[in-house]
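Colleague: I am new to this one. Could you show me the structure and then take my questions?

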Amino acid sequence: MSADFSRGSFSVHISDGVLSPYIIGIGWAIAIPALTVSVRRLRTDQVGAYGVVAAAFFAGSTIHIPVGPFSMHLVLSGMVGLLFGWEALTIVTVGLLLQALLISYGGLTVLGVNVVIMALPGAIMGVIGRHWIKHASPKRRPWIGSLIGGSTIMISAILLYVTLSTTNTALIPLAKLVFVGHIPVAIVEAVISYWLVHFLQKVKPELLGVSS
C-alpha cells in the first residue's frame, strides 16, 4: 500500500522505524502461521504460474495512478487471490519482499505487518471469491471478480488506517488521506478484475476453479 506525494517524494508503504515493536510483533504473530499454511498448500506443478503472478504483482507497484497532488500504485492482491486462493498469501509475500529489497517499498522488520495488510486480505477474499465464482453463472463471474478486486483494496486501506492510527495519533491525518486516496485505486482494480475474470473464464477457466 503506497502513496507518493509530490510525484514520488514520499512513500506511505509502511517502512522500518514507523511502527512500534508491539504492532510489529502482532504483525509477525499473524503472518507466520498464515504463511505456514499457505506454503504447505503450494503445488510444485504451479511454480511457473506462481513466478509469473509474483512478477506481475511486483510490476504493479510501478504503475502509478495520479490522485490529486499525489499518486497511488496498483496492488492486484485481490486478483492474485482469485487465481490461487490461500496460496496467494505466499505469492504476494514474495512480491512484498522483493519490493522491500529492490525498490525500497516497506522494510524487512515490518514485513509481517505489510503481509497482514496486503497479502492476507487478498488470500481471504480470493478463497471467498473462488467459492462464489464456482457456484455462479458465467455472466455473474466477472462481477464477482470486480467486487473481490475492489473490496480487497478497501480492506487493506482500512487495515493500514488502523495500523497507523494505533501506532501514533499524529499519523491519523496521513492515514485518512491515504485511505481516501485508495478509493480510486479500488475502482480501477475492480474494473481490471472484471475484465480479467471475463477473459479467463473463456480461455482458461481452470485458473478460476471452474470447468467452463
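Colleague: Which residues of helix 4 are buried?
Modeller: In helix 4, the buried residues are Ala 88, Leu 89, Thr 90, Ile 91, Val 92, Thr 93, Gly 95, Leu 96, Gln 99 and Ala 100. Buried means under 20% relative accessible area, exposed over 50%, and partly exposed in between, with a 1.4 Å probe and protein chains only. Helices (H or I, at least four residues) are DSSP runs, as are strands (E, at least two), and both are numbered from the N terminus. Please note that this is a predicted model: local features need pLDDT of at least 70, side-chain atom pairs count only at pLDDT 80 or more, and totals for chains, interfaces and linings use all residues. Residues are numbered from 1 along each chain as its sequence is written, and side-chain values use heavy atoms, with hydrogens and water left out.

Colleague: What do the buried residues of helix 4 pack against?
Modeller: They pack against helix 1 (21-40), helix 2 (47-60), helix 3 (77-84) and helix 5 (111-134). Contact here means heavy atoms within 4.5 Å.

Colleague: And Leu 101, buried or exposed?
Modeller: Leu 101 lies in helix 4, which covers residues 88-102. Leu 101 counts as exposed because its relative accessibility is 53%.

Colleague: Which residues make the nonpolar surface patch?
Modeller: Val 94, Leu 97, Leu 98, Leu 101, Leu 102, Ile 103 and Leu 108 make a patch of about 580 Å². Patches are made of residues with over 30% relative accessible area and no salt bridge; like charges are joined within 9 Å, and nonpolar side chains (Val, Leu, Ile, Met, Phe, Trp, Tyr) within 5 Å. Accessible areas come from the Shrake-Rupley method with a 1.4 Å probe, and for residues only the protein chains shown count as cover.

Colleague: What comes just after helix 4?
Modeller: Ser 104 is found there, with a positive phi of about 60°. Leu 76, a residue other than glycine, also has a positive phi, near 65°; Leu 76 sits in the loop between strand 4 (70-73) and helix 3.

Colleague: New topic: how many aromatic pairs are there?
Modeller: The search of the whole structure finds 3. Rings of Phe, Tyr and Trp (its six-membered ring) pair if their centres lie within 6.5 Å; planes under 30 degrees apart count as stacked, over 60 as edge-to-face and the rest as tilted. Tyr 50 and Phe 84 have ring centres 5.2 Å apart and planes at 65°, so this pair is edge-to-face. Since Tyr 50 lies in helix 2 and Phe 84 in helix 3, the pair ties together parts 34 residues apart in sequence. Tyr 50 and Phe 84 are both buried.

Colleague: What about Trp 143 and Tyr 194?
Modeller: They form an edge-to-face pair, at 4.8 Å centre to centre and 65° between the planes. Trp 143 is in helix 6 (residues 141-167) and Tyr 194 in helix 7 (residues 172-203), 51 residues apart. Trp 143 counts as exposed at 57% relative accessibility, while Tyr 194 counts as buried at 18%. Ring pairs link Trp 143, Tyr 194 and Trp 195 into a cluster.

Colleague: Finally, how many salt bridges does the count come to?
Modeller: The count comes to 2, where a salt bridge is a side-chain nitrogen of Lys or Arg within 4 Å of a carboxyl oxygen of Asp or Glu. Arg 43 bridges to Asp 45, with the closest N and O atoms 2.9 Å apart. Glu 206 bridges to Lys 204, with the closest N and O atoms 3.2 Å apart.
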